Amino acid sequence: MLKDITIGQYIARDSIVHALDARIKIIITTILIIALFTIDTFSGFGFFSAFILVVILLSKISLKKVLKGLKPILILVLFTLVIHVFLTKGGEVLWAWKFISIESEGVYTGFFMVSRIFILILFTSLLTLTTSPLQLTDGIEYILSPLKRFGVPASELSMMMTIALRFIPTLLEEADKIMKAQQARGADFESGNLIQRAKSLIPLLVPLFISAFRRADDLALAMESRCYRGGEGRTRLHELEFKYYDFIALIIIIILAVAVSFY
Amino acid sequence: MSLIEINGVDFLYENDDSDRPALQNIDLQIEAGDFAVIIGSNGSGKSTLAKLLNVLLTPSKGEIFVAGLNTNNRDNTWKVRQKVGMVFQNPDNQLVASMVEDDVAFGPENLGVPTEEIRQRVDKSLEMVGMAGFQKFAPHKLSGGQKQRVAIAGVIAMEPDCIVLDEPTAMLDPQGRKEVMETVQYLNKEKGITVVHITHFMEEAINADKVIVMNQGQILHKGSPKSIFRLVEQLKDVNLDIPVAVEVAEYLRQEKINIPDILSIDELVDALC
């Protein structure tokens, strides 16, 4: 079961959104997020939602799959809403009981914040849905590379991310194996209260960590023997290349963002 | 000069408390095009020797020359590592990328090979190990033997003169072991790549040009497979498993039955029937 998990939430499709350069997509997402925070009207959010809808249609990913990505943040969203509704004061009193009261300002800010969070998450999940993890790490490396001059190890960071992605399935498989081995010897991972269950994970985590360190050691040796000496002087099999539509997309987004912010 | 020359090498691990060095007084030449097999039981120093060839370690005493380059000279480190590729025991712990082609490209990328040439080298190397068509696969979806062949392709893509395989078959099932051995033999015979194969399976030494038996950090014997397998009793003393055919032949010889030197079951069958 663990073998089949996919890393990240990338869904491969043959679409213009997928074909865009990873760097451009990261930059676009950043611009849009900044624009999102300059907006202070619901009509602005409406505009953004319409835009997202268009992008989703272009990406050929079903709306259902995109919305599924929002599930994990529902609790956070509800929490934000409740906090704002009850604690933000101002405007007319809509409802009051003893010391608890709901005022119009609170309701307004609550829904405002919730819309903002939803749109924010939709943007970022669209990025990860349409960009493979490898392209993403490559893109991040390129974007960070001007910072190399100030000592930011951009290529090393991207190498670390690549290796982390590579080893997630391997370590999951190993965790599965250790778990079964411990269960075969009578370990119980399923019963008891939360603390007992957390404690029962120790015999799983200790061997897993030890083996991860051993793997890291082996891997370092293997990388060294294949002439890895940091990012300096490395070439790549997959060069990222800007295409004309990357620039078109960027220009459209900048115009949109500016228009929305000054609207 | 031989491709690899090891002259009077000792090696002692720094944090090692034992008084015996991991390697003692090793003298060895490996010629270009050789298929050399180093056999020895655990702790015989065979893996240490492999790491010395790739400059992952440098000798405490003595000198090693790879294609005329002295490994003690720090300036030569990267050149030597390009000339001597290394494949390790655990297939999971030596693949770097989450796609086969990216992993094979890792070595050439480090060497600064231009993009188009990397593409050619990747495809060619994968074809040479019989893994063409697996470019886009994730390593964790491959079998052990396939992973190990991808690791070999990753080394070949660096265009080395010699590949050192440090127990590449130890963690594989019989099928994977067969795949890897066939690949290695193909690369040696057809592509002329020098191979140093380190193992504790004596069967894998049968087709070698040169067999080196190691014990307790020293070279016990070196010579052709036939000359080595004649030393059945001595090999048993150093905890090596003798191939069944060789052992049977030895028993028959002790019973005064005239049997020529044989290595494999097929040869034994021919000799007896």
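Reply: Let's start with burial in chain B: 49% of its 273 residues count as buried. Here buried takes 20 or more other C-beta atoms within 10 Å of a residue's own, exposed takes 12 or fewer, partly exposed is in between, and the C-beta atoms are placed from the backbone. Keep in mind that this is a predicted model, where local features need a pLDDT of at least 70 and side-chain atom pairs count only at pLDDT 80 or more, while totals for chains, interfaces and linings use all residues. As for labels, residues are numbered from 1 along each chain as its sequence is written, and chains are lettered from A and ligands numbered from 1 in the order in which they are written.

On overall shape, a compact globule of 273 residues would have a radius of gyration near 19 Å, and chain B agrees, because it has 19 Å. That radius is taken over C-alpha atoms, and the globule rule is 2.2 Å times the number of residues to the power 0.38. The C-alpha trace of chain B spans about 65 × 45 × 35 Å along its principal axes. Its secondary structure comes to ten helices and ten strands, where helices (H or I, at least four residues) and strands (E, at least two) are DSSP runs numbered from the N terminus. Among the contacts in chain B with a separation of 6 or more, 64% come from residues 24 or more positions apart; a contact needs C-beta atoms, placed from the backbone, within 7 Å.

Glu159(B) has a positive phi of about 50 degrees despite not being a glycine. Most residues other than glycine have a negative phi. Glu159(B) sits in the loop between α5 (144-156) and β7 (162-166) of chain B, and it counts as partly exposed because it has 17 C-beta neighbours inside 10 Å.

Now for the side of chain B that touches chain A. There, 32 residues of chain B are in contact with 26 residues of chain A. The elements of chain B giving two or more residues to that side are α2 (77-83), α3 (100-111) and α4 (115-128), and α3(B) gives the most, with eight residues. The side of chain B that touches chain A divides into 14 nonpolar, twelve polar and six charged residues.

Chain A makes a handy comparison. A compact globule of 263 residues would have a radius of gyration near 18 Å, but chain A has 24 Å, and its C-alpha trace spans about 70 × 60 × 40 Å along the principal axes. Buried residues make up 17% of chain A, and its secondary structure comes to eleven helices and two strands. Chain A has its own non-glycine with a positive phi: Cys227(A), at about 65 degrees, in the loop between α10 (202-225) and α11 (244-262) of chain A. Cys227(A) is buried, because 22 other C-beta atoms lie within 10 Å.

Notes:
Contact = placed C-beta atoms within 7 Å. Nonpolar A, V, L, I, M, F, W, Y, C, P; charged D, E, K, R; others polar.
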